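Please find below a colleague's note on the structure under review. The points are numbered so that each can be taken up separately.

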Amino acid sequence: MSSELHLTDARPTDPVSLVVRRRIRPGREGEYEALLTEANALLARIPGHRGTGVVRPPPGEQEYTLLARFDSLSAAADWELSPERAEWLSRIAPLVDEHVSFEKQPGLDFWFTPPAAARLQQPPRWKMALLTLAALYPVSVSTSWLFGEALKPWLGHYPMPIRAVPQMIVVVLSMTYLVMPAVTRWATPWLRR
């Protein structure tokens, strides 16, 4: 299935998310769930893998969405071309009723794409940029205050490039796991217009 992947339009160092939607045969969900657990373990061994998400179907439906995030295009390609993935795909083949879609989302677009959407489409880039700026500004200001004033007694003697590392870690983790998921849920009606 590596022919589904067209990763040449992103830079090798850009983060990328692979989104795969499959319809599972009725009664085979338990087997598929077990193989998803195995896929998570396989993905965790790929250098540059940054996380996996699974969107399970609502009652009465069979469509699963698997989202795998990588820190670079080459890390995603390592997974796509790995013999472990090929073997895993051969094991799930009897469980899959239909391969619905395969998409790659470069950069930070995964913040804006609802994983269970009927069609995975990003909003206009200007809306993504505006929403990211609106969300990032308070996080940036508050972490600047925290690391510049509140933690000054402990960090003040370090040069600015060293002080910036823990600050950026807090900003990135806050934006990825707290702020952007909440903000995109709140702004969904506006993003879809």
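1. Glu31 and Arg28 are joined by a salt bridge in which the closest N and O atoms are 2.6 Å apart. The model is a predicted one. Glu31 is partly exposed, at 38% relative accessibility, and Arg28 is likewise classed as partly exposed, with a relative accessible area of 27%.

2. A salt bridge also forms between the side chains of Glu38 and Arg91, at 2.6 Å from N to O. This pair links distant parts of the chain, since Glu38 belongs to helix 1 (residues 29–44) and Arg91 to helix 3 (residues 83–92), 53 residues apart. Glu38 is partly exposed at 33% relative accessibility, and Arg91 is partly exposed at 34%.

3. Asp71 pairs with Arg50 in a salt bridge whose closest N and O atoms are 2.9 Å apart. Asp71 sits in the loop between strand 3 (63–70) and helix 2 (73–80), while Arg50 is in strand 2, so the pair ties together parts that are 21 residues apart in sequence. Asp71 is partly exposed, with a relative accessible area of 31%, whereas Arg50 is exposed, at 51%.

4. Val55 and Leu67 are twelve residues apart in sequence, and their C-alpha atoms are 8.2 Å apart in space.

5. Which residues of helix 6 are buried? They are Gln167, Val171, Ser174, Met175, Val179, Met180, Val183 and Thr184. These buried residues pack against helix 4 (125–150) and helix 7 (188–192). Helix 6 has a kink of about 50 degrees, centred on Met175.

6. A nonpolar surface patch is formed by Val165, Ile169, Leu173, Tyr177 and Leu178, with about 530 Å² of accessible area together. Val165 is found in helix 6 (residues 160–186) and is partly exposed, with a relative accessible area of 48%. An α-helix has 3.6 residues a turn, so residues three or four places apart point the same way.

7. An unreviewed UniProt entry lists residues 128–148 and 168–187 under "transmembrane region". In the model, residues 128–148 are 100% helix and 0% strand, with the end C-alpha atoms 29 Å apart. Residues 168–187 are 95% helix and 0% strand, and the end C-alpha atoms of this span lie 25 Å apart.

Terms used: Residues are numbered from 1 along each chain as its sequence is written. This is a predicted model: local features need pLDDT of at least 70, side-chain atom pairs count only at pLDDT 80 or more; totals for chains, interfaces and linings use all residues. Side-chain values use heavy atoms; hydrogens and water are left out. Patches are made of residues with over 30% relative accessible area and no salt bridge: like charges are joined within 9 Å, nonpolar side chains (Val, Leu, Ile, Met, Phe, Trp, Tyr) within 5 Å. Accessible areas come from the Shrake-Rupley method with a 1.4 Å probe; for residues, only the protein chains shown count as cover. A salt bridge is a side-chain nitrogen of Lys or Arg within 4 Å of a carboxyl oxygen of Asp or Glu. Helices (H or I, at least four residues) and strands (E, at least two) are DSSP runs, numbered from the N terminus. Buried means under 20% relative accessible area, exposed over 50%, partly exposed in between (1.4 Å probe, protein chains only). The bend at a residue is the angle between axes fitted to the seven residues ending there and the seven starting there. Contact means heavy atoms within 4.5 Å. UniProt positions are given in the numbering used here, feature names are shortened, and annotations may be inferred rather than shown by experiment.
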